[in-house]
Amino acid sequence: MSKLHITILYIFFVFSLLLYGCGGGNASKQSENSEAFDSVTLSAYSGNTSIGVTHSVKDYQEWLKIYSSTADPESRISIYTNPEDPNVITVFELTKSHDEAKNLFNADGLKEGMTLAGVSSTPVVRFYDIKYFATGKTDKMYCIILSHAVADYAIWKKFFDEDEPIHNEAGLDLLSISTNAEDPNIVNVMFATNDVKKAKDLINSSDLKKRMTESGVQSEPILTVLKTTKE
């Protein structure tokens, strides 16, 4: 297989995710249906899915040229970098289904195609079921992801909603809530912020830890900080 054909295959994979998952009207229809995303009457699998891919690249700008050449400008897509290394990239996309995304990601030749596009590490891929997805854009500099296990999503969500004034006071804008496809008891909350320290102070505060225990959080929260991009 020629290098050209392999590169085209990588571009086709990215384009397929955008076209069938988050491009155009489908993404708008999903994201605007926030009430359905957020309903505690939903089963663990919401029917609204996404994928997160993290990998290193040799050069972010060069990788972005290939990636952006396939992206629909109207697509709901987020690209983040590691605050300490701009060549470590995390991309989140809405997808048609987990099976569709897995099949595309495992396509023959994709690994070599990603290498030619500048991907220099084994991609870490995660699949999510979306419970809430904010339609508005944010101009805040960082994204904070808080992941933990809960005993019951509906009970946890009630406590989480009650804490909205605390989140606002800390300068946190809610971006999304999702559960892991493999384990619906793992909840992932994404916030936008300009003040990472203030956010960490809130998360590590004794008051919030007490609230989290009362809400049924069953594991030590895992905190991930990403940096937003302008592209």
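User: Is Ser50 buried or exposed in this model?
Analyst: The model is a predicted one, and in it Ser50 lies in strand 1, which covers residues 49-56. The relative accessible area of Ser50 is 10%, and a residue counts as buried when this value is under 20%. Ser50 is therefore classed as buried.

User: Which residues is Ser50 in contact with, leaving aside its neighbours within four places in sequence?
Analyst: Contact here means that heavy atoms lie within 4.5 Å. With neighbours within four places in sequence left aside, the residues in contact with Ser50 are Glu93, Leu94, Thr95, His98, Arg126, Phe127, Tyr128 and Ile130.

User: What is the separation between the C-alpha atoms of Val187 and Lys157?
Analyst: Val187 is found in strand 7 and counts as buried, at 0% relative accessibility. Along the chain, Val187 and Lys157 are 30 residues apart, while their C-alpha atoms are separated by 9.9 Å.

User: How many cavities of 30 Å³ or more are there, and what is the volume of the largest cavity?
Analyst: The count of cavities of 30 Å³ or more comes to two. For the largest cavity, the volume is about 180 Å³.

User: Which helix supplies the largest share of the lining of the largest cavity?
Analyst: The largest cavity is lined by 16 residues, and Leu146, Phe160, His167, Leu208 and Met212 are the closest to its centre. Strand 5, helix 7, strand 7, helix 9 and helix 10 each supply at least two residues of this lining. The largest share, four residues, comes from helix 10.

Definitions and conventions
Residues are numbered from 1 along each chain as its sequence is written. This is a predicted model: local features need pLDDT of at least 70, side-chain atom pairs count only at pLDDT 80 or more; totals for chains, interfaces and linings use all residues. Side-chain values use heavy atoms; hydrogens and water are left out. On a 1 Å grid over the protein atoms alone, a cavity is a set of points where a 1.4 Å probe fits but cannot get out, and a pocket is an open set with protein on both sides within 12 Å along at least five of seven lines; lining residues have an atom within 4 Å of a point. Grid points are joined across faces, edges and corners, and a volume is the space filled by probe spheres set on the points. Buried means under 20% relative accessible area, exposed over 50%, partly exposed in between (1.4 Å probe, protein chains only).
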